[in-house]
Amino acid sequence: MLPNITLVVQILAFLTVAWLVMKFGWPHIMTAIEERQKKIAEGLAASERGEKELATAKNAATDIIKEARLQAGKIVEQANRRSGEVIEEARGIGAAESDRLISDARQEVAIESGRARAQLSKEVAGLAVAGASKLLGREIDAKAHADLLDQLALEIERS
């Protein structure tokens with residue numbers, strides 16, 4: 001019977017230990033397991049939320065990049081249009097300035113031409129008086145014959 005008593009004691013000891021573990025140890029182990037499962041579930045949920053937020057952020061970034069490219073294209077287009085306007089404006093200003101300079105040059109040429117003609121008329125009149133005085137053999141007084149010389153100068157200008 002001895003082996004049976006040993007077996008019974010072992011069974012009783014085993015059951016006592018099992019009962020103690022179930023009574024005092026098992027709730028702590030189960031609480032730890034449940035907390036761990038809860039943390040894992042929260043981590044998985046956070047991971048899924050993170051993936052969704054990442055996808056949303058990528059879409060938002062793509063939209064922002066598209067909008068920025070559109071705005072950049074509009075800015076470049078406006079800059080090109082404005083540069084064309086500035087070039088046309090500069091051409092207009094250049095043409096106006098060119099016309100003004102040409103007009104001023106023509107006026108200056110006309111003034112200088114008139115001065116040269118007047119100077120030439122005086123010189124021709126002086127030469128005519130000198131030639132006439134040699135022909136007549138006496139000196140002609142330019143002051144005394146100013147009217148005559150003026151008429152001669154006008155005739156020379158008309159020619």
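In which helix does Ile29 lie? In this predicted model, Ile29 belongs to helix α1, which covers residues 2-136. The chain as a whole contains two helices and zero strands. Of its 159 residues, 4% are buried.

Together with Val17, Val21, Met22, Trp26 and Ile33, Ile29 makes a nonpolar surface patch of about 530 Å². Ile29 counts as partly exposed because its relative accessibility is 41%, a value that falls between the 20% limit for buried and the 50% limit for exposed residues.

Charged pairs come next. Side chains of opposite charge can pair when their charged atoms come close. The structure holds six salt bridges. One of them joins the side chains of Glu77 and Arg81, with an N to O distance of 3.6 Å. These two residues are four apart in helix α1, so about one helical turn separates them. Glu77 is partly exposed at 49% relative accessible area, and Arg81 is partly exposed at 45%.

Arg82 pairs with Glu85, their closest N and O atoms lying 3.4 Å apart. Here the spacing in helix α1 is three residues, again about one helical turn. Arg82 has a relative accessibility of 44%, and Glu85 has one of 40%.

Further along, Arg100 forms a salt bridge with Asp104, at 2.8 Å between the closest N and O atoms. Both residues lie in helix α1, four residues apart.

Definitions and conventions:
Residues are numbered from 1 along each chain as its sequence is written. This is a predicted model: local features need pLDDT of at least 70, side-chain atom pairs count only at pLDDT 80 or more; totals for chains, interfaces and linings use all residues. Side-chain values use heavy atoms; hydrogens and water are left out. Patches are made of residues with over 30% relative accessible area and no salt bridge: like charges are joined within 9 Å, nonpolar side chains (Val, Leu, Ile, Met, Phe, Trp, Tyr) within 5 Å. Accessible areas come from the Shrake-Rupley method with a 1.4 Å probe; for residues, only the protein chains shown count as cover. A salt bridge is a side-chain nitrogen of Lys or Arg within 4 Å of a carboxyl oxygen of Asp or Glu. Buried means under 20% relative accessible area, exposed over 50%, partly exposed in between (1.4 Å probe, protein chains only).
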